[in-house]
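Dear colleague,

Please find below the structure that I would like to hand over to you. A summary of the findings follows it.

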Amino acid sequence: MNWPVVPLGEIVTNLDGKRVPLKKSDREAMNGSIPYYGASGIIDQVNDWLFEGPHLLVGEDGANLLSRSSPIAFLADGRFWVNNHAHVLAFNGNADLKYLMYYLESIELSPFVTGSAQPKLNQKQLNSVPIPLPPLEEQKRIAGILDQAAELCRLRTRALDKLNTLGQAIFHEMFGDHSCHEEMLKKLGRIQTGSTPSTTVPEYFDGDIPFVTPGDLESNRLPARHLSPEGAEMSRTVSAGATLVCCIGATIGKVGMSTELSAFNQQINAIEWSDQVLPAFGYFAMQQIKPEIIHRGKGAATTLPILKKSEFEKLKVRVASLDQQKIFVDRIGAIGPLVTKADLALRSSETLFAALQHRAFRGGLGDV
C-alpha cells in the first residue's frame with residue numbers, strides 16, 4: 001500500500017501544556033476515584049480532573065521507554081488527571097487514536113529516546129515519529145481487527161490468572177490459619193536487584209539467556225528478549241526456581257518464577273531461596289504479600305511507586321515446615337497440566353495478534 005507517511009505531530013493535537021503534576025501529599029489531600037496517570041498508566045486516584053473524553057497518552061520518560069516492560073502508549077477516557085511524565089494527545093480529525101496506540105506499541109522507539117541513565121522521549125522527538133496514514137475509515141478498521149485479537153489475548157490471560165488464583169487459594173487454605181511462622185526475606189535466601197546491559201552494544205542481546213522484565217511476570221510466557229553470556233555478565237542472573245518481584249513502577253508487586261538460568265532488569269528483585277524454602281512454596285508465599293508490596297511502594301516519597309531493596313529484604317513471609325511445603329507442592333502439581341494447556345492457547349493468540357499487527361501497518365490485512 002502506498003500510504004503517506006506523516007510525522008505524528010501533524011496528525012494529533014498535543015495537550016502537554018495542560019498537564020499538572022501533583023506531589024504525593026497533594027494527591028492524598030485530593031483522594032478520590034478519578035484516575036491519575038503517569039508514564040506507564042494509572043498510579044493513583046484523585047477527586048478532580050484535567051481532561052475528559054478519549055485521549056492517547058504516551059510515556060515521556062523512564063526505563064520503560066527502553067525495556068518496554070509495560071505499555072508506552074495507552075488510551076485514557078472519561079475524566080482523568082495526567083502528570084508531566086506522559087504526553088497527552090487529542091484527536092484532531094486526521095488520525096484514529098486507537099490506531100496510533102497500536103502502531104506506537106508495534107515499533108521500536110529507542111531511536112527517538114534521548115539519555116540512557118534517564119531515558120526521555122521529549123515532545124519534539126515524539127512529534128517526529130513517522131506514521132503510515134491510511135484513510136481514517138481504514139485506520140478504524142485496522143484498530144477494530146487488532147481490538148478483537150487483543151481481546152482474545154486478554155480472555156486467555158484471565159484464564160491463566162484464575163488458575164494462579166486457585167494455587168493461592170490452596171496456599172491460604174493450608175497456611176492461612178497462621179499455623180506457620182513468619183520470617184524476613186533476607187533470612188530466607190539471596191536477594192539481588194537486576195540491571196539492564198547497555199542497549200548500545202548489540203553483542204549483549206539475542207543470545208540464549210532469557211532477560212526477564214516486569215511485563216513477563218505473571219504472564220506464563222517466555223521472555224521476549226534474550227541476552228548473550230556477555231550481556232548476562234553485565235546484568236544479574238539467577239538459577240531456576242528463583243522468585244522474581246517487580247518493585248518499581250506501575251506493575252509493582254508482579255511476581256514470577258524463573259524456569260532456567262535467567263537475567264532480569266533493574267525493576268525486579270530476585271530471591272534465590274535457601275534450603276528452608278521450596279521454590280514453588282516461596283513463589284506462592286510472595287503472592288500472598290503483593291498488597292503489602294504495592295502499599296509500601298506507593299508510600300515512597302516519590303511520584304513513582306518504588307520499594308527499595310533495603311526495605312524489600314525486611315518483608316516477612318509465612319514459612320511452613322518442609323514436610324508441609326512438600327504436601328502443598330504436591331497439591332498444586334495437579335494444576336500444572338491445566339496451566340500448560342491454557343498457556344499454549346495464550347501463546348497461540350499472542351502469535352496471531354503479533355502477525356496481524358505486523359501486517360496491519362503494511363496494508364496486509366486485505367479483507368480480514
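**Salt bridges**

At 22% relative accessibility, lysine 24 counts as partly exposed. Please bear in mind from the outset that this is a predicted model.

Which residue does lysine 24 meet in a salt bridge? Its partner is glutamate 28, and the N to O distance between the two side chains is 2.3 Å. Both belong to helix α1 (residues 24-29), and because they are four residues apart there, about one helical turn separates them.

A second salt bridge joins arginine 27 to aspartate 44, with 2.8 Å between the closest N and O atoms. Arginine 27 lies in helix α1 and aspartate 44 in strand β4 (residues 41-46), so this pair ties together parts that are 17 residues apart in sequence. Arginine 27 counts as buried, at 4% relative accessibility, whereas aspartate 44 is partly exposed, with a relative accessible area of 24%.

Glutamate 60 is in the loop between β6 (55-59) and α2 (64-67), and lysine 120 is in the loop between α3 (97-106) and α4 (123-127), so the pair ties together parts that are 60 residues apart in sequence. Is glutamate 60 buried or exposed? Glutamate 60 counts as buried, at 8% relative accessibility, while lysine 120 counts as partly exposed, at 30%. Glu60 and Lys120 also belong to a network of salt bridges that links them with Arg19.

As a general point, side chains of opposite charge can pair when their charged atoms come close.

**An open sheet and the helix across it**

In what order do the strands of the four-stranded open sheet stand? The order is β12-β19-β16-β17, and the pairing is antiparallel. β12 (189-193) and β17 (255-257) stand at the edges, and because each has a single partner strand, one side of each is left without a neighbour in the sheet. From one strand to the next, the twist averages 20°.

Within this sheet, β16 (residues 243-246) and β19 (residues 268-273) pair in the antiparallel sense over four bridges. Threonine 243 stands opposite isoleucine 271 in β19. Helix α7 (residues 279-288) lies across β16, β17 and β19, and runs at about 175° to β17.

**Strand β13 and its two partners**

Strand β13 (residues 205-212) pairs with β14 (residues 225-227) in the antiparallel sense over four bridges. In this pairing, phenylalanine 205 stands opposite leucine 227 in β14. β13 also pairs with β18 (residues 262-264), here in the parallel sense and over two bridges. Phenylalanine 211 stands opposite alanine 263 in β18.

Aspartate 206 lies in strand β13 as well, and this residue deserves a separate remark. Most residues other than glycine have a negative phi. Aspartate 206 is not a glycine, yet its phi is positive, at about 65°. With 73% relative accessibility, aspartate 206 counts as exposed.

The axes of helix α5 (residues 136-175) and helix α10 (residues 322-332) come within 10 Å and cross at roughly 150°. The two helices are therefore roughly antiparallel to each other, since angles over 145 degrees count as such. The crossing in which α5 passes α10 is right-handed.

Which residues of α5 and α10 meet? Gly167, Ile170, Phe171, Glu173, Met174 and Phe175 in α5 meet Gln324, Ile327, Phe328, Arg331 and Ile332 in α10.

**Lysine 316**

Lysine 316 has its place in strand β20 (residues 316-319) and is partly exposed, with a relative accessible area of 45%. Although lysine 316 and glutamate 183 are 133 residues apart along the chain, 5.1 Å separates their C-alpha atoms. When its neighbours within four places in sequence are left aside, lysine 316 is in contact with Glu182, Glu183, Met184 and Ile289.

Yours sincerely,
A colleague

Definitions and conventions:
Residues are numbered from 1 along each chain as its sequence is written. This is a predicted model: local features need pLDDT of at least 70, side-chain atom pairs count only at pLDDT 80 or more; totals for chains, interfaces and linings use all residues. Side-chain values use heavy atoms; hydrogens and water are left out. Two strands pair if DSSP finds at least two bridges between them. Axes are lines fitted to C-alpha atoms, for helices over the stretch in contact, and angles run from 0 to 180 degrees between N-to-C directions. Contact means heavy atoms within 4.5 Å. A salt bridge is a side-chain nitrogen of Lys or Arg within 4 Å of a carboxyl oxygen of Asp or Glu. Buried means under 20% relative accessible area, exposed over 50%, partly exposed in between (1.4 Å probe, protein chains only). Angles under 35 degrees count as roughly parallel, over 145 as roughly antiparallel, 65 to 115 as roughly perpendicular and the rest as oblique. A crossing is left-handed if the near helix is turned anticlockwise from the far one by less than a right angle, and right-handed if clockwise.
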